Amino acid sequence: MFLLGHSCWSYLVSKLTGRRLQVNLPAWLAFLSGILPDFDIYFRPVLAHHTWTHSVLILLPISLILAIRFGRLGIAFSTGILSHLLTDSLVGTIPILYPFSATTVGLNLGIPSVSDTILETGALLAVLILAYINKDYLQITRPNKKSLWLIVPLYALITLSVLFAGDNGISLANFAFSRKAFTLITIGHAILAGLLALGVVQGTRAVISDMRHPNSPSTTSQIPTTPKP
């Protein structure tokens, strides 16, 4: 699955888990969690892509440590990480027991395919709905210093795409619009990146405003927290 689907599904899974656990996982962490297993791209050729960081034997212990260390927030964040394995196994396969076994498992529905396109663009639509319900949309409509953290998933989304394309000798411009499925997913990436960038702008505005008017009420209080169910 592409980064669009991973980031959107992790947002949905981790946010809904957090709601059940009555904790409010920050939006930037919710988006970032699903991208983390693809951070192996940053370490190529030392780490081969889609190996160590896509194994249950590696991610489950990490998730357990996060849950123990950070409690309910760690659990919500971990579900976002593990959603990466689920979504990858739907459209492709994962080396579930790596490094002890190279055997891969998954439905292998295809990338790109109708199923993959629906999963990725549908997840983006669901994110927009959930972000409206839980008030996360305010991070891109109002100045707030916490919105500046959205630069982290934005940076990962852009740099990982560029690095992956470069490592595989792919022209992003040609690849992005080579098929209808790719075109829809490319548009989805652009929409998500644009929304994250808008949040970064709002965070920057809040920081600048705070520097100019240090005695004014903090802009970090402008976004209400999600009410507990």
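Helices here are DSSP runs of H or I with at least four residues, strands are runs of E with at least two, and both are numbered from the N terminus. This is a predicted model, in which local features need pLDDT of at least 70, side-chain atom pairs count only at pLDDT 80 or more, and totals for chains, interfaces and linings use all residues. Residues are numbered from 1 along each chain as its sequence is written, and side-chain values use heavy atoms, leaving out hydrogens and water.

**How α1 meets α4**

Two packed helices are described by the angle between their axes and the distance between the axes. Helix α1 covers residues 3–21 and helix α4 covers residues 114–133; they pack at about 40 degrees with their axes 8 Å apart. That angle makes α1 oblique to α4. Axes are lines fitted to C-alpha atoms, for helices over the stretch in contact, and angles run from 0 to 180 degrees between N-to-C directions. Under 35 degrees counts as roughly parallel, over 145 as roughly antiparallel, 65 to 115 as roughly perpendicular, and the rest as oblique.

Which residues of α1 and α4 make the contact? On the α1 side they include Leu-4, Cys-8, Trp-9 and Leu-12, and on the α4 side Leu-119, Ala-123, Val-127 and Leu-130 are among them. Contact means heavy atoms within 4.5 Å. By class, the contact has 13 nonpolar, one polar and two charged residues. Ala, Val, Leu, Ile, Met, Phe, Trp, Tyr, Cys and Pro count as nonpolar, Asp, Glu, Lys and Arg as charged, and the others, Gly among them, as polar.

**A look at the loops**

Let's turn to the loop between α2 (27–33) and α3 (56–91), where Ser-55 sits. Is Ser-55 buried or exposed? Ser-55 is buried, with a relative accessible area of 0%; buried means under 20%, exposed over 50% and partly exposed in between (1.4 Å probe, protein chains only). A polar atom of the Ser-55 side chain lies 2.6 Å from the backbone oxygen of Tyr-98. Leaving aside neighbours within four places in sequence, Ser-55 is in contact with Leu-85, Pro-95, Ile-96, Leu-97 and Tyr-98.

| Peptide bond | Omega |
|---|---|
| Arg-44 to Pro-45 | near 5 degrees |

Pro-45 is in the loop between α2 and α3, while Pro-99 is in the loop between α3 and α4.

His-50, also placed between α2 and α3, has a positive phi near 70 degrees without being a glycine. With a relative accessible area of 24%, His-50 is partly exposed. Lys-135, in the loop between α4 and α5 (151–167), has a positive phi of about 75 degrees and is not a glycine either. Lys-135 is partly exposed at 34% relative accessibility.

**The whole protein**

Stepping back, the protein has seven helices and zero strands. Of its 229 residues, 40% are buried. Among contacts between residues at least 6 apart in sequence, 72% join residues at least 24 apart. Ile-158 in helix α5 is 35 residues along the chain from Ala-193, and their C-alpha atoms are separated by 8.0 Å.

Key
Polar contact = N/O pair within 3.5 Å; in protein donor to acceptor, adjacent residues only side chain to side chain.
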